[in-house]
Amino acid sequence: MTVAIYLPAESKTEDWCRMMGDLMPDWTFHSMRNVPDPEAVTYCVVWRPQTGDMKAFPNLKAIVSIGAGIDHVLDDEELPDVPIIRTVGTDLTQRMKEYVALHVLRHHRAMPALQASQARGEWKPIVVPPAPQRRVGVMGLGNLGAEAARLLSVIGFDVVGWSRSPKEIEGVRTFSGSAGFGEFLDGTEILVNLLPLTEATRGILNADTFNRLKRGAAVINAARGPHMVDEDLLEALASGQIAAATLDVFHVEPLPSDHPFWSHPQITVTPHVASLIDAPTGSRIIARNLRTFEETGTVADLADARRGY
Ligand code: NDP
Ligand code: OXD
């Protein structure tokens, strides 16, 4: 089998070709920019490919996203109509749970304000309520959101969750669909976004959403930049409706150096590291999925392109 790999940095593409070749010596891996025979390519493995890249391969059987999200693949308006395989696994879920717990606890325990006091040399205790009196809302209850919500509940938070279809998760009160969205938001003090980016979820972190949260809420966006309406966040921070935000993802990545988020005192910026897949783990998952798909014509981690995730 011949596979074309694309990552925005050509040196990384070459690393992936080497790693995948070591794991699957009976398969052939080429950089997508350097494929000798496009007709031989049956799989593409990609992160943020460019429009039209994959239509060059007429015998494609499937596309593998190097990541849980597939929005970067669906952005290709000339995308071949073949199955899309996500790259997910326990390592990714573990990393995301850690990121969410860290930043929820940080907001809950008022760490940004305590650090600001330290910078001023001020001894200024802040008393926070115990976790059961703090409502945390998790948007998206898939692989990542469900596990993050479970962990927050084990820590003791009052956890609510929101998804497209109804869900049952121990220790979490769940809401679904647009009918359940308002009730999910009411009283939420720390909002965590783990939705996929689709037409239905683009811009969902906007003024209307912020205004339904408890005044002084915190927002954590670890999903995709275009979920956020940046101007609405800046206004909500200025008005006090939102007290703080932790942002891992942005409309443009890397976040441009002149973007106001960089220096905003109430915003914590992390460079898309919430659950960064490491190459050795990712390549092992992808190798297993490629073999399974080749043998059986399907895998558990298939995305649904019509749904958008
Ligand atoms: P899943 O596909 O497993 O889960 C998505 C969840 O979102 C599901 O619960 C789904 O509902 C819900 N959902 C989708 N559309 C809607 C909607 N319109 N209204 C309400 N709920 C909706 O995704 P993952 O948990 O694996 O990943 C989520 C996202 O996290 C990825 O798409 C990616 O963008 C982002 N991500 C970010 C990373 C980072 O490092 N920052 C790393 C990995 C992922 P239902 O269950 O009913 O289908
Ligand atoms: C992903 C990501 O989608 O890293 O996996 O953002």
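Helices (H or I, at least four residues) and strands (E, at least two) are DSSP runs, numbered from the N terminus. This is a predicted model, in which local features need pLDDT of at least 70, side-chain atom pairs count only at pLDDT 80 or more, and totals for chains, interfaces and linings use all residues. Residues are numbered from 1 along each chain as its sequence is written, chains are lettered from A and ligands numbered from 1 in the order in which they are written, and side-chain values use heavy atoms, with hydrogens and water left out.

View 1. Among the 28 residues around ligand 1 (a heavy atom within 4 Å), Leu-141, Ser-165, Lys-167, Ala-222 and Tyr-309 come nearest. Domain 1 (2-87 + 277-296) and domain 2 (90-269) both contribute residues to this shell, so ligand 1 lies between them; the domain bounds come from an automatic or database domain assignment.

**View 2. Polar contacts of ligand 1.** A polar contact is a pair of N or O atoms within 3.5 Å. A polar side-chain atom of Ser-165 is 2.5 Å from an oxygen atom of ligand 1, and a backbone N or O atom of Arg-164 is 2.9 Å from a nitrogen atom of the ligand. In the side chain of Arg-86, an N or O atom lies 3.2 Å from an oxygen atom of ligand 1. On its own, ligand 1 has 940 Å² of accessible area (Shrake-Rupley method, 1.4 Å probe), of which the protein covers 92%.

**View 3. Ligand 2 and its contacts.** Trp-47, Gly-67, Ala-68, Gly-69, Arg-224 and His-272 are the residues around ligand 2. Oxygen atoms of ligand 2 lie 2.6 Å from an N or O atom in the side chain of His-272, 2.7 Å from one in the side chain of Arg-224, and 2.9 Å from a polar backbone atom of Gly-69. The protein covers 87% of the 210 Å² of accessible area that ligand 2 has on its own.

View 4. Most residues other than glycine have a negative phi, and most peptide bonds are trans. His-272, in the loop between β12 and α9 (279-296), has a positive phi near 50 degrees. Arg-48, in the loop between β3 (41-46) and β4 (62-65), has a positive phi of about 50 degrees. The peptide bond from Glu-253 to Pro-254 is cis, with omega near -5 degrees; Pro-254 belongs to the loop between β11 (242-247) and β12 (267-269).

Technical notes:
A polar contact is a pair of N or O atoms within 3.5 Å; within protein, one must be able to donate a hydrogen and the other to accept it, and residues adjacent in sequence count only if both atoms are side-chain atoms.
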